[in-house]
Amino acid sequence: MSHIDVFHDPHKTYFGFWTYLMTDCILFSILFATYIVLKDGTFGGPTSKDLFDLPFALTETLLLLASSFTSGLAMLDALKGNTKGMFAWFALTFLLGASFLGMELTEFSRFVHEGNSWERSAFLSAFFTLVATHGFHITMGLIWMVVLLVPVFLHGLNGEYIKRLTCFRMFWHFLDVVWIFIFTVVYLTGTIL
Amino acid sequence: MPFYMGIFGFLFCFGLIWYMFWLVPIGFIGLIACQISRLSEKEPEFTIPKAEVEQMERHR
């Protein structure tokens, strides 16, 4: 009598993961609301127009969008059972995500070195909280990607691993969407309006 | 496995709280390793059939 039922309906898992993503959405919406309220509270310090570098932020956006695209290509290869192609695309996804994170940290360290850290004004506190929360999610996502891929490397693909990778991909796309909102609300309206 | 995970989690948090920063990476890498080994298990889930549950309940 076999009790093993690895291939049970994965949609329950996906629904559970969507629920988690929506709680994360609540977290980000609170941070967005805080940022919009505190945006003009610069306390005599630099405004968003003085600080933000739009081409830099656009490069970050393109890197993250590209990493989302390559994660999609990786999943296509995974569903076809092409493990080699999947690893190649996931490696590219990791590199793009890591370079996005590197750019974000470069920007943060530039702000702090210029004396515009989160202690400077309410605007900068809200900015660092919002953007760094997103950056922290990206960091955890990168670690998660490696942790997921090691068992696939050791044992090869199966239905259970496909399920996990699908959850990861949902998370990665969600972070991409959140970044699009950050780019629009923080960088675009911050430099143009 | 949950036991080792607890140990590494304890080391990680203990290091962070008492500023023993050499302990932090040990705990963190241990946690990641535990996670990988847990995720590598061949049968992470199993189902207990209805008939068996009924049988177990009748036995009591």
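Which residue takes a positive phi just after α5(A)? Here are some close-up views of this predicted model, in which local features need pLDDT of at least 70, side-chain atom pairs count only at pLDDT 80 or more, and totals for chains, interfaces and linings use all residues. Residues are numbered from 1 along each chain as its sequence is written, chains are lettered from A and ligands numbered from 1 in the order in which they are written, and side-chain values use heavy atoms, with hydrogens and water left out.

**View 1. Helix α5 of chain A and the residue after it.** Helix α5 covers residues 122-155 of chain A, 34 residues in total. Its first and last C-alpha lie 50 Å apart, close to the 50 Å expected at 1.5 Å a residue (1.5 Å times one less than the number of residues). Helices here are DSSP runs of H or I with at least four residues, numbered from the N terminus. Just after the helix comes the answer to our opening question: A:Gly156, with a positive phi of about 85 degrees.

**View 2. The rings of A:Phe127 and A:Phe128.** The whole structure holds 29 aromatic pairs over all chains. Rings of Phe, Tyr and Trp (its six-membered ring) pair if their centres lie within 6.5 Å; planes under 30 degrees apart count as stacked, over 60 as edge-to-face and the rest as tilted. A:Phe127 and A:Phe128 have ring centres 5.4 Å apart and planes at 75 degrees, so they pair edge-to-face. A:Phe127 is buried at 1% relative accessible area, and A:Phe128 is buried at 6% (buried means under 20%, exposed over 50%, partly exposed in between, with a 1.4 Å probe and protein chains only).

**View 3. A tilted pair in chain B.** The ring centres of B:Phe12 and B:Phe28 are 5.6 Å apart, with planes at 40 degrees. B:Phe28 is partly exposed, at 33% relative accessibility.

Conventions: Helix = DSSP H or I, 4+ residues; strand = E, 2+ residues; numbered from the N terminus.
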